[in-house]
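Reader: I would like to learn how to read the helix packing and loop features of a protein model. Please take me through one.

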Amino acid sequence: MLKMEEERRDLEKEKGLNRRSFLLLAAMAGAVMLEGGNYRQVNEDGDEDEPLPTGQFNQGVNQGWVMNNEGGVMFGPDKAERIRNLGAGRLRVEFRRPLSEWDSGTLDAYQAMIGVARVNNLQVLGLVDYETWKVTNDDSRLWNANSWEQTGGDGMNDYTREFVDKGVMPIVEVLGDQLEMLQVWNEPNGKAEEQKSFLQPSVYARMLSEVRSKERPSLPILTGGILDYDHEYLHALHNAGKLKSGWRMEIPYDQWGAHLYIDRDGVTDEASLYSHVGGVR
């Protein structure tokens with residue numbers, strides 16, 4: 001009986017470790033694997049490279065706004081220290097534009113905040129989205145103009161041009177070498193009737209292509225956090241990219257991100273999580 005009880009505890013312990021390992025893997029969007037307490041980077045052949053440095057976790061924190069609507073700074077040494085003490089190694093910063101243009105003062109303020117994060121050993125994932133280049137109160141109509149899905153267009157429109165040239169590029173030119181990764185858009189598959197973040201797949205494909213063609217090659221691109229591991233949206237994105245934006249052997253992003261909003265009405269389990277990941281893979 002004692003041996004059976006010990007085996008049962010060992011199985012429960014192993015199950016708990018497997019669950020935590022999977023949750024971390026999913027949260028990092030398949031970029032990092034957990035093995036024996038060390039994090040290992042997966043290369044393009046699916047093989048594991050040498051373990052990443054141990055110490056701080058390769059997890060990150062999205063602490064919310066770092067700049068308010070008036071241009072006031074909302075992130076400083078105290079917050080950076082608290083995030084670091086949590087064990088986080090990364091910070092997501094949404095580049096919100098409080099003023100009419102990305103002027104030097106706004107960029108300098110972001111640069112100072114990123115400097116604080118880096119001093120505290122936090123890598124910075126920069127998010128550019130609808131807050132980076134906001135034109136009107138109903139931008140969703142502007143940024144979905146000329147979509148293949150709705151009008152038979154190629155997905156390119158005036159909003160995307162301004163978003164890339166006037167919103168993204170000033171940030172990349174000044175801060176690009178201080179960012180670990182650039183995330184383009186947030187929740188592009190958010191349903192149009194519920195969230196204005198929704199982008200038609202052809203528009204998002206074109207947006208990713210435009211950012212890739214103009215930003216510095218050394219800065220990796222991450223897709224916007226996809227809601228619910230939406231494999232249907234990702235399939236539509238790649239299909240539109242091939243047909244309308246010239247995606248072939250190479251695609252204009254390096255990693256895809258996902259928001260783990262799964263089984264929102266109750267407790268999820270491993271089978272449900274794996275089913276979502278499997279659909280994407």
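Reader: What should I know before reading any value?

Author: This is a predicted model, in which local features need pLDDT of at least 70 and side-chain atom pairs count only at pLDDT 80 or more, while totals for chains, interfaces and linings use all residues. Residues are numbered from 1 along each chain as its sequence is written, and side-chain values use heavy atoms, with hydrogens and water left out.

Reader: How many helices and strands are in the chain?

Author: Helices (H or I, at least four residues) and strands (E, at least two) are DSSP runs, numbered from the N terminus. Here the chain has nine helices and ten strands.

Reader: What share of the residues counts as buried, and how much accessible surface does the chain have?

Author: Buried means under 20% relative accessible area, exposed over 50%, and partly exposed in between (1.4 Å probe, protein chains only). Of the 281 residues, 43% are buried by that cut-off. Accessible areas come from the Shrake-Rupley method with a 1.4 Å probe; for residues, only the protein chains shown count as cover. For the chain the area is about 15,100 Å², with 49% of it belonging to carbon and sulfur atoms.

Reader: What share of the contacts joins residues 24 or more positions apart?

Author: Contact means heavy atoms within 4.5 Å. Among contacts in the chain with a separation of 6 or more, 73% are between residues 24 or more positions apart.

Reader: At what angle do α6 and α7 cross?

Author: Axes are lines fitted to C-alpha atoms, for helices over the stretch in contact, and angles run from 0 to 180 degrees between N-to-C directions. For helix α6 (residues 158–175) and helix α7 (residues 201–214), the axes come within 10 Å and cross at roughly 40 degrees. Angles under 35 degrees count as roughly parallel, over 145 as roughly antiparallel, 65 to 115 as roughly perpendicular and the rest as oblique. The two helices α6 and α7 are therefore oblique to each other.

Reader: Which hand does the crossing of α6 and α7 have, and which residues make the contact?

Author: A crossing is left-handed if the near helix is turned anticlockwise from the far one by less than a right angle, and right-handed if clockwise. The crossing of α6 and α7 is right-handed. On the α6 side the contact includes Phe163, Val164 and Val168, and on the α7 side it includes Val203, Met207 and Val211. For classes, Ala, Val, Leu, Ile, Met, Phe, Trp, Tyr, Cys and Pro count as nonpolar, Asp, Glu, Lys and Arg as charged, and the others, Gly among them, as polar. The contact of α6 with α7 has seven nonpolar, one polar and three charged residues.

Reader: At what angle do α3 and α6 pack?

Author: Helix α3 (residues 104–119) packs on α6 at about 50 degrees, with the axes 11 Å apart. That makes α3 oblique to α6. The crossing of α3 and α6 is right-handed. Leu107, Tyr110, Gln111 and Ile114 of α3 meet Pro170, Ile171, Val174 and Leu175 of α6. By class, this contact has seven nonpolar, one polar and no charged residues.

Reader: How far apart are the axes of α7 and α8?

Author: The axes of α7 and α8 are 8 Å apart, at an angle of about 65 degrees. α7 passes α8 in a right-handed crossing. Tyr204 and Leu208 are among the α7 residues in this contact, and Leu237 and Ala240 are among those of α8.

Reader: Which residues does Asp129 touch?

Author: Not counting residues up to four places away in sequence, Asp129 touches Glu94, Tyr159, Phe163, Trp185 and Asn186. Asp129 is in the loop between β6 (123–128) and α4 (139–143), and is buried, with a relative accessible area of 0%.

Reader: Is Arg216 buried or partly exposed?

Author: Arg216 is partly exposed, with a relative accessible area of 27%. Arg216 lies in the loop between α7 and β8 (221–223). The C-alpha atoms of Arg216 and Val172 are separated by 7.5 Å, at 44 residues apart along the chain.
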